[in-house]
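Please look over the structure shown below before reading on. The briefing that follows is grouped by topic.

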Amino acid sequence: MSATTDHWVRFDPAGCAHSSAYVAEVPLAEDAYRRAVPKIADRRREAAAGWTLKRLTKEQWREQAKPCFTGDCAHQVVEPPREVRALTVRQPYAWALLHGKQVENRTWPVPAALVDSTVLLHAGREPHRQGLHDPRVLGLEGLPAREDLVTGAVLAVGRLTGSHLETGGCCAPWGDREVFHWTFADWRPLKDPVPATGTLGLWRPNADLLRLIEEADRVRA
Ligand SMILES: [Zn+2]
Ligand SMILES: [Zn+2]
């Protein structure tokens, strides 16, 4: 190592370099860190999160730090993907949502954090008895025979765009009175529905299910 060209480099937990100082100018690591992060509370927070200060030779600096300062590194912090939820809807309404039923009725609004998030449409295991005779459903084109309606599986991936409280009979004929109308967009029906057990509400699909859905979604595309 050569004190004249070595650098102190501050790395985040992902290995991305955030600041750099010449060892020749700031001989002590402590001082270098203090210069980069003046507030002690910030230094403590970084230390707890796994940030480090390393002494690098000029050669190491070129390889490990320079790409970060020029924006060419592969460490950029990627926004964590928004949470994906699944919505269980009984047949034939799950099918209807993909074929013209524009809203889903719920007594509660879509939680703010889930507006515009990805949603999986899951068909419940048990069909909705009256729904099978619902004239609005029977009026939709292409309704499969009752035994051909897929149940107990994820049928499609889409976007939950939000919800609004019913006003003036909006979203007729599908929107019920005095409830929230949940709205969706960009449904992508899966070529091969993925079997899954659903539950009430907006449920969290586990990692295995998400992986299977991703694969099925790719096949469709
Ligand atoms: Zn980086
Ligand atoms: Zn409405």
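In this predicted model, strand 4 (85-89) and strand 5 (103-106) each supply at least two residues of the lining of the largest pocket, and strand 5 contributes three residues, the largest share of that lining. Strands here are DSSP runs of E with at least two residues and helices are runs of H or I with at least four, numbered from the N terminus. Local features need pLDDT of at least 70 and side-chain atom pairs count only at pLDDT 80 or more, whereas totals for chains, interfaces and linings use all residues. Residues are numbered from 1 along each chain as its sequence is written, chains are lettered from A and ligands numbered from 1 in the order in which they are written, and side-chain values use heavy atoms, with hydrogens and water left out.

**Pocket**
- The largest pocket has a volume of about 530 Å³, a volume being the space filled by probe spheres set on grid points that are joined across faces, edges and corners.
- Its lining comprises 25 residues, of which Thr88, Val89, Arg90, Glu104 and Arg106 are the closest to the centre of the pocket.
- A pocket is an open set of points on a 1 Å grid over the protein atoms alone, where a 1.4 Å probe fits, with protein on both sides within 12 Å along at least five of seven lines, and lining residues have an atom within 4 Å of a point.

**Zinc sites**
- The zinc ion (ligand 1) has Cys16 (SG), Cys68 (SG), Cys73 (SG) and His75 (ND1) as its protein donors, at 2.1 to 2.3 Å, where donors are N, O and S atoms within 2.8 Å of the metal (3.2 Å for Na, K and Ca).
- The donors of ligand 1 subtend angles of 101 to 117°, and the arrangement is therefore tetrahedral, a term that requires all angles among four donors to lie between 85 and 135 degrees.
- Cys68 is buried at a relative accessible area of 13%, whereas His75 is partly exposed at 25%; buried means under 20%, exposed over 50% and partly exposed in between, with a 1.4 Å probe and protein chains only.
- The zinc ion (ligand 2) is coordinated by His164 (NE2), Cys170 (SG), Cys171 (SG) and His181 (ND1), a site that is also tetrahedral, with angles of 102 to 125°.

**Domains and confidence**
- Domain 1 covers 7-69 and domain 2 covers 85-220, with bounds from an automatic or database domain assignment.
- The mean pLDDT of the chain is 92, pLDDT being the predictor's confidence in each residue, from 0 to 100.

Definitions and conventions:
Tetrahedral: all angles 85-135°; square planar, octahedral: opposite > 155°, others 65-115°.
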